[in-house]
Amino acid sequence: MLTLTGIDAGYGEVQVLRGLSLEARTGEVLCVMGRNGAGKSTMLKTIMGQVRATSGAILLDDTRIDGLPAHEVPRHGIGYVPQGRRLFGDLTVAENIEIGLMTRSKGARVRDSVLDLFPRLRERMGQVSCTLSGGEQQMLAIARALCLEPKVLLLDEPTEGLQPSMIALIRDTVVALKKTGVATILVEQRVDAALSVGDRISFMVGGAVVETMPAKGLSAASAHFATYVGV
Amino acid sequence: MEFGPFLLLALMEGLVTAAVLALTASGLSLVFGIMRVVNVAHGAFFMLGAVLAWFTAQWVPGPPAVAFAVALIVCPLIVGAIAALADTAILKRLNYEPEATIVATIGLLYILEQAALSLFGPDARPVPAPFNIRLQLPWFGYSGYKLAVVAAAIIVLLGVWLILKHTRAGLVMRATQIDRDTARAFGINVDRVYAGVFAMGAGLAAIAAVLIVPIQQAHYLMGGDPLLLSFIVVIIGGLGSLRGTLVAALLIGLSDGVISTFFAPTLAKIIATLVVALVLVFRPQGLFGTRTT
């Protein structure tokens, strides 16, 4: 379980997160929604240690991870799929996967199980990743993060700009991961995508979570989405 | 001597220059490509390699070949260790900010040169070649050692290419070059990669210096020319492109050899500078570099 308590963070003088608290539970998909600039991506970067928390605490189970160097965070079992995928574009699919396996000793077994989830990547192992289609790039970004065998998976708008068939594939993957006990934090702007996979939905305003509620209690027509997301 | 053999001699001299230049410039290119640091102290690392080779030649007993072999292994390691220390103590603390690191490496250049002046003295000092074999061609005789320098440079550059393309360390370096934040998100210790790359870049300059010092002599100000030529090479080849660096080194080295032999060394430098100016005007990203917006 990942717990954020009273997190303040930002970029230099600009504070983005203001006392943010949330909890991602084992085997659960927590969707985080909010308007542009609410601090959703900054929250994920703060968990990954790429943005430093100036106050508050981040706990993975009982281990405090907010003071760790950024490269130590994934070693504790946190996988990250950043917004825009951020693949190593000049490297091949196989090399991107290998980077994902850097922290793992049983690389071959993990690689095989990850590629079983995305068979299309297996056919393109020698292809330079920037030449893949958008959907294939997103598959690779998720596969690379899964190579870490994460306890917690952070997904930043993974369905952005993808065609419906690819969105369905990513949704199925997230659901499958949930069954294996992975805690997923999914930053999402699409209401239908959030409702289809989310167990709970947290709404962010001004760098803080203002409300968290079960996804089952919401529908696409709920006022929450108009109020907090603007859709 | 007739024109043909004279041209052959000029090309062979140019090839030696190109080989040493390729080694030196590939270090500079590697550091810029992966760390985005313009290392003005690169010439000082070159000089340090040569000066340390002289000290090694004084201290290691036995035939010159033994001292040279020791120098070829030990000097790049010492220079690499100094570079790694400088990276950790200075560049890392500046967060690798481009402007700040330029100023810092100018300071480092000054410190290293003054340290060499204090410990080594102001005089140029010879280092004996490991062997003195003269290769007798039908038209002229040529130093076997110079040809060995070319062969050694090719072997080292091949090694660098193999490390970058076919080892885990090389993969980590390439990933860090593309996106250091994402590299950190996959457990890559970027600080350690940067220290290693800075050491490797300086080590390459030191290898070049140890190879060339039996031909040139060691001097505390000898880093200026290699630094200038290395910048010329990486600008023409494309900053950060190893392939471009090698092609440009060959171009500059051979033209330097031919023009210096047939006309004058100064003219060779003028033409190289003109080529840089033309590249900057018509293809600012260099021959093999990619344009960034």
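Q: How do the residues lining the largest pocket divide by class?
A: The lining has 31 nonpolar, 12 polar and seven charged residues. Ala, Val, Leu, Ile, Met, Phe, Trp, Tyr, Cys and Pro count as nonpolar, Asp, Glu, Lys and Arg as charged, and the others, Gly among them, as polar. This is a predicted model: local features need pLDDT of at least 70, side-chain atom pairs 80 or more, while totals for chains, interfaces and linings use all residues. Residues are numbered from 1 along each chain, chains are lettered from A, and side-chain values use heavy atoms, without hydrogens and water.

Q: What makes a space a pocket?
A: On a 1 Å grid over the protein atoms alone, a pocket is an open set of points where a 1.4 Å probe fits, with protein on both sides within 12 Å along at least five of seven lines; lining residues have an atom within 4 Å of a point. The largest pocket holds about 1600 Å³. Gln177(B), Leu239(B), Gly240(B), Ser241(B) and Leu242(B) are the closest to its centre among 50 lining residues.

Q: Which element gives the most to that lining?
A: α1(B) does, with 10 residues. α1(B) also gives the most to the lining of the second largest pocket, with seven residues.

Q: Why is Ile82(B) called partly exposed?
A: Buried means under 20% relative accessible area, exposed over 50%, and partly exposed in between (1.4 Å probe, protein chains only). Ile82(B) has 33%, so Ile82(B) is partly exposed.

Technical notes:
Points joined across faces, edges and corners; volume = space filled by probe spheres on them. Helix = DSSP H or I, 4+ residues; strand = E, 2+ residues; numbered from the N terminus.
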